[in-house]
Every structure is written in structure tokens, then in C-alpha cells.
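Q: I want to go through the charged and aromatic contacts in this one. Can you take them in turn?

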Amino acid sequence: MKSYLLIVPFLLTSHSLSFAQGLTATEENKRFGIELNIPRLITLTGSHDWQSASGSFSYFNHKNNTEIAAPWLVEKLEANAKEQDRTLSDQTIALHYRKFLGEDLNGVYWNGFVKLAHVKGRQRDYGFPRNKQGLHKSPCRGSDCESTPIDTPTYSNPQKSSTKFGLGIGTGYRFIPKNKPYYWGASLSVGQYLTGKHNLYDGCTGALTADSKYIVDIELLKFGYSF
């Protein structure tokens with residue numbers, strides 16, 4: 001009887017190890033992944049002041065618990081664009097190297113990244129006089145004008161664009177259900193653009209756009225599929 005009791009745990013342990021090895025082999029067959037931020041896609045339908053889409057393509061290295069990901073983002077902001085002639089659009093792509101702290105590609109990770117951004121908008125133009133009756137028109141001449149405050153942009157400049165390159169670090173979390181090809185992730189990345197000029201364009205600029213000197217990327221609802 002005692003020998004039987006010793007054999008049972010051994011069999012259960014062997015079965016568990018074989019099952020775990022089977023899962024690992026199955027997961028290691030998933031070398032690539034595609035992610036999309038579903039809530040952002042909703043902004044593409046209908047008429048919105050902000051339209052945006054983001055996602056990424058990943059290569060998984062299960063042996064080293066690492067991932068190489070290429071996140072991308074396209075967005076266009078048009079707050080009162082017709083009335084005030086304010087538009088801003090940017091497209092970014094980055095290359096992330098992620099190291100997971102737990103077993104396999106699940107749980108918390110740290111990452112470093114490089115990022116390339118292209119920004120287009122109407123360049124800020126300060127210090128010109130403006131028409132009293134049309135504060136957002138081109139600079140006027142004569143007695144019917146008033147001086148523009150130094151912090152108020154006018155719109156004498158055409159649309160322009162610029163390209164920027166930056167570096168940063170970040171952290172995130174990945175949840176992959178066992179034996180499922182779908183997964184969910186959230187991340188926070190911060191950094192700084194090292195080339196190009198910053199805060200050039202008017203309208204809806206800030207730390208969350210590529211017009212800023214600083215990089216702040218927040219992703220909360222990215223859903224992926226591994227294959």
C-alpha cells in the first residue's frame with residue numbers, strides 16, 4: 001500500500017511535466033503576433049475632431065523571454081479646423097526590445113525603443129498683427145489692425161511637415177491565456193526626440209502628439225493574435 005502511495009505522486013508529477021512541456025511546445029510555435037487598439041478604430045467612423053489608429057507587429061523569442069515589436073500610430077486632429085484653420089497629423093513607427101520578467105512571454109516586461117515620427121500641420125506664426133473682425137485670418141495692414149499677443153498664433157504660414165527621431169524606455173503587461181492565440185496588453189513608454197524641432201504646429205498639440213519634444217505613449221486596450 002505504501003509503495004502504491006509513492007507511485008501515485010510520481011505518476012501525477014510526470015503527467016504534469018509532460019503536459020507543461022506540451023504547452024510550451026505549442027506556445028513556442030507562435031513566433032509572430034499582430035496587435036490592434038480596438039477603441040482607436042472607433043474614431044475612424046463618422047465625423048470626429050480626432051481620428052486615430054494604432055497597432056504593432058511582433059516577433060517572439062520564447063527561449064529568452066524576449067520580444068521585438070514594431071508599434072505604429074497614425075492620427076489626425078482637426079479641432080475647429082474649418083473655423084480656425086487648425087490641423088495636425090502625425091505618423092510614428094517604433095522598434096521595441098522587450099524583456100519579460102516572468103515565465104515565457106507573459107506578465108510584466110521592461111523595454112527600450114527607438115522611434116521615428118512624421119508630423120504635418122500649420123506652423124505657428126507669432127507676433128504679426130491680426131484683423132479685429134477675423135482673428136484667425138492672415139495678418140492685415142492699416143488702422144483696422146491690432147497687435148497679436150505673443151502667445152496667440154496667426155495663420156499666414158502654409159502647411160509644413162517635419163521628421164523626428166527619438167529614444168526611450170518603457171514598461172508593460174501582457175496576458176496570454178493558455179492554449180489561446182489571442183492576447184491582451186497594456187504599456188507605458190516615455191522618451192525624448194533627439195532630432196528635429198518641437199512645438200512647431202498649432203492646434204491640439206501636447207505631450208501625447210509627436211509635435212512635442214517628449215515621447216509619452218500610453219496603450220491600455222491593445223488586443224493581439226499570435227501565429
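A: Starting with a charged pair: D217 and K115 form a salt bridge, with the closest N and O atoms 2.7 Å apart. Bear in mind that this is a predicted model.

Q: Where do D217 and K115 lie?
A: D217 is in strand β10 (residues 214-226) and K115 is in strand β5 (residues 107-122), so the pair ties together parts that are 102 residues apart in sequence.

Q: Is D217 buried or partly exposed?
A: D217 is partly exposed, because its relative accessible area is 24% and buried means under 20%.

Q: And K115, buried or exposed?
A: K115 is buried, with a relative accessible area of 6%.

Q: How many salt bridges does the structure hold?
A: Four. One of them joins the side chains of E35 and R174, at 3.7 Å from N to O. E35 sits in strand β1 (residues 32-37) and R174 in strand β8 (residues 159-175), which puts them 139 residues apart.

Q: Are E35 and R174 buried or exposed?
A: E35 is buried, and R174 is buried too.

Q: What about R98, which side chain does it meet in a salt bridge?
A: R98 meets E67, at 3.3 Å from N to O. That pair links strand β4 (residues 88-100), which holds R98, to strand β3 (residues 66-77), which holds E67; the two residues are 31 apart. Both R98 and E67 are buried.

Q: Which residues are linked in a network of salt bridges?
A: E35, E67, R98 and R174 are linked in one.

Q: Switching to rings. How many aromatic pairs are there?
A: The structure holds seven. One of them is F60 with Y183, with 6.1 Å between the ring centres and 80° between the planes.

Q: Why does that pair count as edge-to-face?
A: The planes of F60 and Y183 are 80° apart, and an angle over 60 degrees counts as edge-to-face.

Q: Where are F60 and Y183 in the chain?
A: F60 lies in strand β2 (residues 50-61) and Y183 in strand β9 (residues 182-193), so this contact ties together parts 123 residues apart in sequence.

Q: Is F60 buried or exposed?
A: F60 is buried, at 3% relative accessible area. Y183 also counts as buried, with a relative accessibility of 3%.

Q: Which residues form an aromatic cluster?
A: F32, F57, Y59 and F227 form one aromatic cluster.

Technical notes
Residues are numbered from 1 along each chain as its sequence is written. This is a predicted model: local features need pLDDT of at least 70, side-chain atom pairs count only at pLDDT 80 or more; totals for chains, interfaces and linings use all residues. Side-chain values use heavy atoms; hydrogens and water are left out. Rings of Phe, Tyr and Trp (its six-membered ring) pair if their centres lie within 6.5 Å; planes under 30 degrees apart count as stacked, over 60 as edge-to-face and the rest as tilted. Helices (H or I, at least four residues) and strands (E, at least two) are DSSP runs, numbered from the N terminus. Buried means under 20% relative accessible area, exposed over 50%, partly exposed in between (1.4 Å probe, protein chains only).
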